[in-house]
Amino acid sequence: MGGTPLTGRSTYIEPNTARRRNIPRRAPAPRRRGPSAAGARPARRRPPNLARKVPARGRPVADNGWPCRRHDPCTGAEGREGARVPGPATTPEDGANVATTTQAAVAEEQAYVDKVYDRLDALRAAYGARLAEVRLEGPSGSPQNRSERDAFAAHYADTVARLDQVENRLVFGRLDSRGEEPRYVGRIGLSDAEHNQLLVDWRAPSAQPFYQATAAHPGDVVRRRHLMTRARTVVGVEDELLDHEHLDEAVASGLTGEGALFAAMSAAREGRMHDIVATIQAEQDAVIRSPLDGVLVVQGGPGTGKTAVALHRAAYLLYAHRERLERSGVLLVGPSRVFLRYVEQVLPSLGETDVVSTTMADLLPGTTATAEDAEDVAAVKGRAAMAQVLARAVRGLQRVPERVQELDVEGSTLHLQPEQVRAAMARARRSGHPHNQARDTFVLAMLDHLVREYAGEKGIEDAAERAYLTEDVRGARDVRVALNLCWMPTTPHGLLERLYARPDLLARYAPGMSAADRALLHRPKGSPWTVADVPLLDELAELLGHHEQAEARRADAEAKIQAAEELRFAQEAIASQGLGMGLVTAEMLAERFAATGPRLTTAERAAADRTWTYGHIVVDEAQELSPMAWRALLRRCPARSMTVVGDLAQRSGHRPAASWEQVLGRAAGEHVREAVLTISYRTPATVMDTATAVLAAQGAAPAYPVRAARDLPDALAVTRAADLRGRVVDVVRAELERLDGSDGVGAGRVAVLTGAGRRAEVRAALAGDEELRRDLAPAGADPLDARVAVLDTLEAKGLEFDTVVLVEPAEVLAGGPGDLYVAMTRPTRRLHVVHREDLPAGFPAA
Ligand SMILES: Nc1ncnc2c1ncn2[C@@H]1O[C@H](COP(=O)(O)OP(=O)(O)OP(=O)(O)O)[C@@H](O)[C@H]1O
């Protein structure tokens, strides 16, 4: 799926930034006069993409007509120094006109952009004033009044926060269509005080042509204009003229808004992902706006925008299906906590703050998985067959005694009859409740039998007196022990821990599993929970249900933590505002906070509730999930509405997946649609091609070829060194200096990627260098906050950096070809490989 983007010629003027940012320039295309800045219909001209096929000055063209940017002279030093391609189509002779047209266009757009920001300010001020008013009223009035006020306060605070988030690049596009006023496209929709539309939300149907109109299928659009802004200033415009009158349908594909796109691709990275709302490409837009229902699998090579598309799709779905999704919410599942921090700004910048994000490790509230299993262990735990093993283990908690048991109740001997136990069990199971809840039905039925016997023995027939007898029977130690042995209540953690620790239990409940596989699962009690345990715990939580005593214990512990937190907060409030003076104590304030209680958002409530079901789930790096993990996710999405993004070639380990069907487990049985993204917007072509060659040499060629959108000179460097640690330190220093030179001192990010076993050593070596130490995050801090991050491949999944220093690829390959492919494709500009051992096959010969 995904349309073929066919666009008209684009021109880009950004007068002040080319030098500073090292933005690759487009080579000059055949020049002709363009429309006036006022948006007059463009003059007739050659089909724009056919024009592209003509080799432009100094610029090779690939066989398929794709402008080949490898060795593009515009991307070197000359490109950095040179001016941008002159704006609206022109001839070499009329440079003066260009400047005038450009300035006129920029001035025109500045006036409009000012108007939109004025409106944004006015709305912020209005909502801010309402919020202040509500807060001034204080915590008085009836509970209902208070609750209404809280709801208004939350709404106003939310709106102010949303309006604050969209400050950056609020307006980024303009569409001129035949017979219509120009339409401006931006992050959110805005109208003026008279309800005239100022700005169309990028997700609205009327904004779609901004992303989808092509020279071949322009609809009514005659011009698409990209507005570049810095803070609130328009610094450039880029026009695309869409004129279909002479167009050949078979023109080659192209990119939309190349200038803005290349500027985004070339900007120095800051450790956090940015939204791509201004430069979404047509094939991406088709995925973003794809219908809500069913499981949509979006696959594509590294850097093709899968994550970006998944996040924009979440924002789009929340906009287009707000009614359906607002109450149930959307869940985003990412590969690591570092990754979630990496993308955390994207949805808020699109005006959406209510998406719950988690990793598989954190999916189950109250459980923190801190360890990773070895690949073969994780593979056994992830098999769909584990669901039956767990179901059997739960069933194993329901046992019929082999013979009649005698129970002492207050000196009387009662009898636990196997047939009565069997019948009570059948009744409990028929209730359809999970094990711990169905136990109530079982216990009531058994108590009924035992109390009858007890009453008969005592000769009591009166119903009221029988009630006392019930208490006697229920409280008797023998009865409690016997009923527990028949129907043992338990927690998921307790049961799984027993299964792992006791080979006899596992052999009983997993008869089909080989002894070798069972041995892999064996571990002592008290071992830390691993990521692969989480889906198993979740499955057990579903089968077992709520365990009252265990839950009460946990709630108690949580309440204590919460109370301590409130007290600390109150102490801080008193200290910072001088509220004390002996009249207000921290305890009083803390009680006040607790009484009013925090109003939880839908997202907060959903995140804390295992049984919450979401309206839509987005899964990133989905190739890593096991069949058991899919079961846990499907359970959370009865609507079966999911966006699943990933790349089979990037899968960790040595067990390649042949198809998505194989990866998706039970989810494959749902209504599945597939989409493919084909262009890498991250990795320079030289690096992308080398990574693909290395992968192919390991016998794991990617299923979908990826075209890199651009290449850069010196994108790949390889250094062999006997002293690996010393050389890594030198290389990292040199790479930082290189970024200082190209982007300004301190700009740009470097990642040092290693195999898991070498990370600590490399980090220590870098920290041993006085200068580099300043560029590293302190131990335990977020590595993305520092200029240099030292990561292993698992941690690097989904991330990107200006420069990657890849240490000893042969060791990274030990984690599987997918790991090496991931590591090699993280840079946006340069990959520097440092090695002592031989390089894996596929690297170019030295
Ligand atoms: N249309 C676009 N405009 C500007 N930048 C884009 C666009 N599409 C993708 N990018 C950029 O390309 C980079 C890679 O995107 P993203 O991380 O979403 O790719 P991915 O397919 O998820 O990669 P991987 O599989 O390697 O994790 C990001 O910096 C993203 O902002």
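Visitor: Which residue of S22 is the bridge partner of Val805?
Guide: The partner is His832. This is a predicted model, in which local features need pLDDT of at least 70 and side-chain atom pairs count only at pLDDT 80 or more, while totals for chains, interfaces and linings use all residues. Residues are numbered from 1 along each chain as its sequence is written.

Visitor: What makes S21 and S22 a pair?
Guide: Two strands pair if DSSP finds at least two bridges between them. Strand S21 (residues 801-807) and S22 have six bridges and run parallel, so they meet the rule of at least two. Strand S18 (residues 716-720) is joined to S22 by five bridges, also parallel, with Thr719 opposite Val834. The names come from DSSP runs numbered from the N terminus: helices are H or I of at least four residues, strands E of at least two.

Visitor: Why is S22 called mostly covered?
Guide: A residue is buried if 20 or more other C-beta atoms lie within 10 Å of its own, exposed if 12 or fewer, and partly exposed in between, with C-beta atoms placed from the backbone. In strand S22 (residues 827-835), nine of nine residues are buried. Over the protein chain, buried residues make up 43% of 846 residues.

Visitor: Is Ala204 buried, exposed or partly exposed, and how do you know?
Guide: Ala204 has 16 C-beta neighbours inside 10 Å, so it counts as partly exposed. Ala204 sits in the loop between S5 and helix H6 (208-212). Its C-alpha is 9.3 Å from that of Ile188, which is 16 residues away in sequence.

Visitor: How do you know in which sense S5 pairs with S3 and with S4?
Guide: The pairing gives the sense in each case. Strand S3 (residues 183-186) and strand S5 (residues 197-201) pair in the parallel sense over two bridges, and Gly186 stands opposite Asp201. Strand S4 (residues 190-191) is joined to S5 by two bridges too, but these strands run antiparallel; Leu190 stands opposite Leu199. The hairpin of S4 and S5 has five residues between the strands, among them His195 with a positive phi near 70 degrees.

Visitor: What makes S10 and S15 edge strands?
Guide: Six strands form an open sheet in the order S10-S9-S13-S14-S8-S15, with parallel pairing. Strand S10 (355-359) and strand S15 (672-677) each pair on one side only, and that makes them the edges. Neighbouring strands here are turned by 15 degrees against each other on average, direction ignored. Within the sheet, strand S13 (residues 616-619) and strand S14 (residues 642-646) share three bridges, and Ile617 has Met642 as its partner.

Visitor: Which strands does H9 lie across, and at what angle to S14?
Guide: H9 lies across strand S8 (295-300), strand S9 (330-334), S10, S13, S14 and S15, at about 170 degrees to S14. Axes are lines fitted to C-alpha atoms, for helices over the stretch in contact, and angles run from 0 to 180 degrees between N-to-C directions.

Visitor: Why is helix H26 said to be largely enclosed?
Guide: Seven of the nine residues of helix H26 (residues 627-635) are buried, so the rest of the structure largely encloses it. Trp630 and Arg631 are among the buried ones. They pack against elements including S9, S13 and helix H13 (375-382), where contact means C-beta atoms, placed from the backbone, within 7 Å. H13 in turn has Ala378, Val380, Lys381 and Gly382 buried.

Methods
Contact = placed C-beta atoms within 7 Å.
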